[in-house]
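User: I have a model open here and would like to go through it with you. Could you walk me through the fold and the ligand site?

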Amino acid sequence: RTPIILDCDPGHDDAIALLLALASPELDLLGVTTVHGNQTLEKTTANALRVLDLAGREDVPVAAGADRPLVRELTVAAHVHGDSGLDGPSLPPPGRGPAAGHAVDFMARRIAESPAPVTLVPTGPLTNVALLLERTGGANIERIVLMGGAVAEGNMTPAAEFNIWADPEAADRVFHAGLDVTMVGLDVTHRAVTTPALQERLRATGTIGAFVADLVDFFAVYHRETYGWDGAPIHDAVAVACVLQPSLVTTVERNVEIELDSDLCRGRTVVDLWNRSGRAPNAHVGVDLDSDGFFDLLVERIARLG
Ligand code: BDR
Ligand code: CA
């Protein structure tokens with residue numbers, strides 16, 4: 001089994017990513033770490049715990065990490081995910097608190113203890129991951145498969161995707177850490193937009209499937225109003241799916257730089273698609289998704305949770 005740590009900011013699509021990981025026997029989920037992002041750290045942490053409670057997985061540890069970006073001011077995405085960060089379906093408050101200690105300590109310890117190198121799956125701003133790499137230099141990390149960035153799109157600004165925009169200095173460190181980084185950005189995840197038919201399939205699988213469909217119902221409101229779409233892109237679950245079935249995501253090896261200086265392009269992932277810069281590739285950049293394959297996997301796995 002592949003040992004993974006999910007570093008997330010739930011968040012509707014983070015919650016679905018977490019459920020997909022829980023439902024997948026190929027993965028050994030060592031823990032969940034939380035970060036500021038879609039909502040404050042306090043709320044994203046509570047949401048991770050609430051989703052684990054729903055799935056009956058009180059055994060999975062949750063550790064809370066950075067409550068703000070390395071340099072920038074905190075910005076949350078309440079306009080997308082609501083006041084709780086997980087608006088829509090009603091979930092009780094968490095039945096437990098997070099583990100003692102900071103997420104970066106937790107990650108460093110679990111990674112050092114793991115007999116096999118660990119895959120990190122960050123689905124929020126990269127603050128925790130940057131701090132971890134500063135601490136350990138990336139020892140015993142197999143690879144990083146992150147949701148963030150885009151070759152040619154933006155969702156926070158015309159130029160930038162939210163996770164990278166939120167903490168661009170952290171992203172800059174992660175892309176320059178010399179590790180094996182896969183970037184699952186908007187070019188990929190905007191091909192993972194739900195349909196009413198998918199919602200029906202999810203609902204038919206059981207309680208957790210109905211919960212996922214309810215999450216999507218809320219998440220789709222913003223995308224309907226803003227983009228005119230008939231559903232919502234399940235961004236973060238695609239990063240987990242990419243670990244489970246790498247062939248679902250088409251990638252190319254390219255250089256990626258993070259824009260830190262300009263206001264207009266803050267957090268843009270400048271992908272050298274046509275090798276114009278002569279800079280060495282530092283990431284596997286996702287450019288396409290087998291959408292049907294992704295949704296088939298998602299439904300099949302969510303069904304296992306009952
Ligand atoms: C990313 O931003 C967040 O709103 C989502 O959870 C996802 O991780 C998409 O840009
Ligand atoms: Ca997220």
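This is a predicted model: local features need pLDDT of at least 70, side-chain atom pairs count only at pLDDT 80 or more; totals for chains, interfaces and linings use all residues.

User: What order do the strands of the open sheet have?

Analyst: The order is E3-E2-E1-E4-E5-E6-E10-E7, an open sheet of 8 strands with mixed pairing; strands here are DSSP runs of E with at least two residues, helices are runs of H or I with at least four, and both are numbered from the N terminus. Two strands pair if DSSP finds at least two bridges between them. At the edges are strand E3 (62–64) and strand E7 (249–254), each of which pairs on one side only.

User: And which way do E1 and E2 pair?

Analyst: Strand E1 (residues 2–8) and E2 pair in the parallel sense over 7 bridges, and Pro 3 has Asp 28 in E2 as its bridge partner. E1 and E4 also pair in the parallel sense, over 4 bridges, with Ile 4 opposite Thr 119 and Leu 6 partnered by Val 121. E4 in turn pairs with strand E5 (residues 141–147) in the parallel sense over 3 bridges, where Leu 120 has Ile 144 as its partner.

User: Why is E4 described as largely enclosed?

Analyst: Strand E4 (residues 118–122) is largely enclosed by the rest of the structure because 5 of its 5 residues are buried, where buried means that 20 or more other C-beta atoms, placed from the backbone, lie within 10 Å of the residue's own. In a regular strand the side chains alternate between the two faces of the sheet. In E4, Val 118, Leu 120 and Pro 122 are buried on one side, and Thr 119 and Val 121 are buried on the other.

User: Switching to helices, how many residues of H7 are buried?

Analyst: In helix H7 (residues 168–175), 6 of the 8 residues are buried, so it is largely enclosed by the rest of the structure. The buried residues are Pro 168, Ala 170, Ala 171, Asp 172, Val 174 and Phe 175, and what covers them includes helix H5 (127–136), E5, H6 and strand E10 (283–289); contact means that two C-beta atoms, placed from the backbone, lie within 7 Å.

User: At what angle do H9 and H10 pack?

Analyst: Helix H9 (residues 196–205) and helix H10 (residues 207–227) pack at about 145°, with their axes 6 Å apart. Axes are lines fitted to C-alpha atoms, for helices over the stretch in contact, and angles run from 0 to 180 degrees between N-to-C directions.

User: Last topic, then: which residues are closest to ligand 1?

Analyst: Gly 11, Asp 13, Phe 162, His 235 and Asp 236 are the closest of the 15 residues that surround ligand 1, a residue being near if its C-beta atom, placed from the backbone, lies within 6 Å of the molecule. Helix H1 (12–22), helix H6 (162–166) and helix H11 (235–244) each supply at least two residues of that shell.

Key: Residues are numbered from 1 along each chain as its sequence is written. Chains are lettered from A and ligands numbered from 1 in the order in which they are written. A residue is buried if 20 or more other C-beta atoms lie within 10 Å of its own, exposed if 12 or fewer, and partly exposed in between; C-beta atoms are placed from the backbone.
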